[in-house]
Amino acid sequence: MEKPLLKLLAGQGLVEGRRPLWLMRQAGRYLPDYMDLRAEEPDFLRFCLNPALAVQASLLPLKRYDLDAAIMFADILLVPYGLGQKLGFSSQGGPQLGERERLSWDRGRVAPVYETIAALRSKLDDAVALIGFGGGLFTLACYMVEGAARAGFPAMMRVLRDERDRLVSLMDLLLEASVDYLSAQIEAGAEVIQIFDSHAGLVEGQDFAQFVVEPTQRLVAALRQRFVDVPVIGFARGARAQDSVIYARDCGLSAVSLGQEMELFFVRDVLQPLCPIQGLLDPALLVQGGAALERGVRDLLAALDPARHIVNLGHGINKETPPAHVEQLVGLVRRYA
């Protein structure tokens, strides 16, 4: 059976007119059954590294909704953890990272992630693709330098301004680790890789080219050498329009995920000719539901080339989203696509 997501990413169009649909953070705090599962292991890091729980979390949205992909349950900061940096999460969910001393990549520290992927792949329907993921190198560096998620990442911005060679060295280390981490995911059964560069919007112009585009190019090229046919989706969240053009044109990605701030006509006329596009639906509409969500979905589907668009949000599902609104979204996409 053909998998709609994989067929579109291979440039082969749609499976019987079906537009691929999955949602960032589709297994998350908006789901009551996810919160019940989290209660079994309140420590978020231990939850991510527990294959039995991570598989259950990954499958929860597939049991509720007609989606075209599962994404493994994990966190982008497992790469710094695998390098030996201390990692924890506050009760509010925010990451806390320790000092960066004597960093060295150890694949074994994150081995449960690969167990999760292998177990998850065996449980999926034949038409559902399995997505693995990692953080963009710039975003990982932001967290490693800052030690936490702070508005504007001021410590990272100081390093970017005053210690660029230090930052380049850190990102070289992250590249080596990320290539191995993502390769192991593919070897375990991941069929698509998504790169979440969640803080790429902190830089623009030449800095964006050097610290977002070039590292992504190198990461994608290294994965392509090992796995020629495995598609890679990139998400440079918050990137300016012109930077998004460079990202879509030069990184060698199979598709680019975009936030809801992008103008649909710009996406259709400028970005879609460069590569397939994912995302664009405002997560706030999913919280609102009803007529507003229906208008947003109809406008999105009507504006873009269906053979080069993966339906998704411009960011992850908000925790205040009623699960019934996700069901409405899926129904709208299946009805109008």
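**Entry 1: ground rules.** Helices (H or I, at least four residues) and strands (E, at least two) are DSSP runs, numbered from the N terminus. I noted that this is a predicted model, where local features need pLDDT of at least 70 and side-chain atom pairs count only at pLDDT 80 or more, while totals for chains, interfaces and linings use all residues. Residues are numbered from 1 along each chain as its sequence is written, and side-chain values use heavy atoms, with hydrogens and water left out.

**Entry 2: helix H8.** Which residues of helix H8 are buried? In H8 (residues 154-162) I found Ala155, Met156, Val159 and Leu160. They line one face of the helix, because seen down the axis of H8 they fall within an arc of 140° (the arc of the directions from the helix axis to the C-beta atoms). A reminder to myself: an α-helix has 3.6 residues a turn, so residues three or four places apart point the same way. On the face turned away from the buried side, H8 carries the exposed residues Arg161 and Asp162. I then asked what the buried residues of H8 pack against. The partners are H7, helix H9 (164-188) and helix H10 (205-226), with contact meaning heavy atoms within 4.5 Å.

**Entry 3: the sheet.** I traced an open sheet of 7 strands, in the order S1-S4-S5-S6-S7-S8-S9, with parallel pairing. Two strands pair if DSSP finds at least two bridges between them. Its edges are strand S1 (69-71) and strand S9 (309-310), each pairing on one side only. S1 runs parallel to strand S4 (residues 129-135), joined to it by 3 bridges, and Ile71 stands opposite Ile131 in S4.

Further along, 2 bridges join strand S6 (residues 232-236) to S7, again parallel, and Ile233 faces Ala255 in S7. From strand S7 (residues 255-258), Ala255 and Ser257 point one way and Val256 and Leu258 the other, and all are buried. Helix H7 (residues 137-146) lies across S4 and strand S5 (192-197), at about 50° to S5; axes are lines fitted to C-alpha atoms, for helices over the stretch in contact, and angles run from 0 to 180 degrees between N-to-C directions.

**Entry 4: the core.** A nonpolar core here is a set of buried Ala, Val, Leu, Ile, Met, Phe, Trp, Tyr and Cys residues joined through side-chain atoms within 4.5 Å. The largest has 131 residues, of which Leu5, Phe73, Val113, Leu174, Tyr181, Phe208 and Tyr247 touch the most other members. H9 gives the most to this core, with 11 residues. I checked Val113: leaving aside residues up to four places away in sequence, it touches Leu49, Met72, Leu78, Tyr181 and Gln185.

**Entry 5: Leu59.** Leu59 lies in helix H4 (residues 51-64) and counts as buried, at 14% relative accessibility. Not counting residues up to four places away in sequence, Leu59 touches Leu120, Lys123 and Leu124.

**Entry 6: the whole chain.** I counted 15 helices and 9 strands. Buried residues make up 58% of the 337 residues. The C-alpha trace spans about 55 × 45 × 35 Å along its principal axes.

Methods:
Buried < 20%, exposed > 50% of the residue type's maximum accessible area, 1.4 Å probe, protein only.
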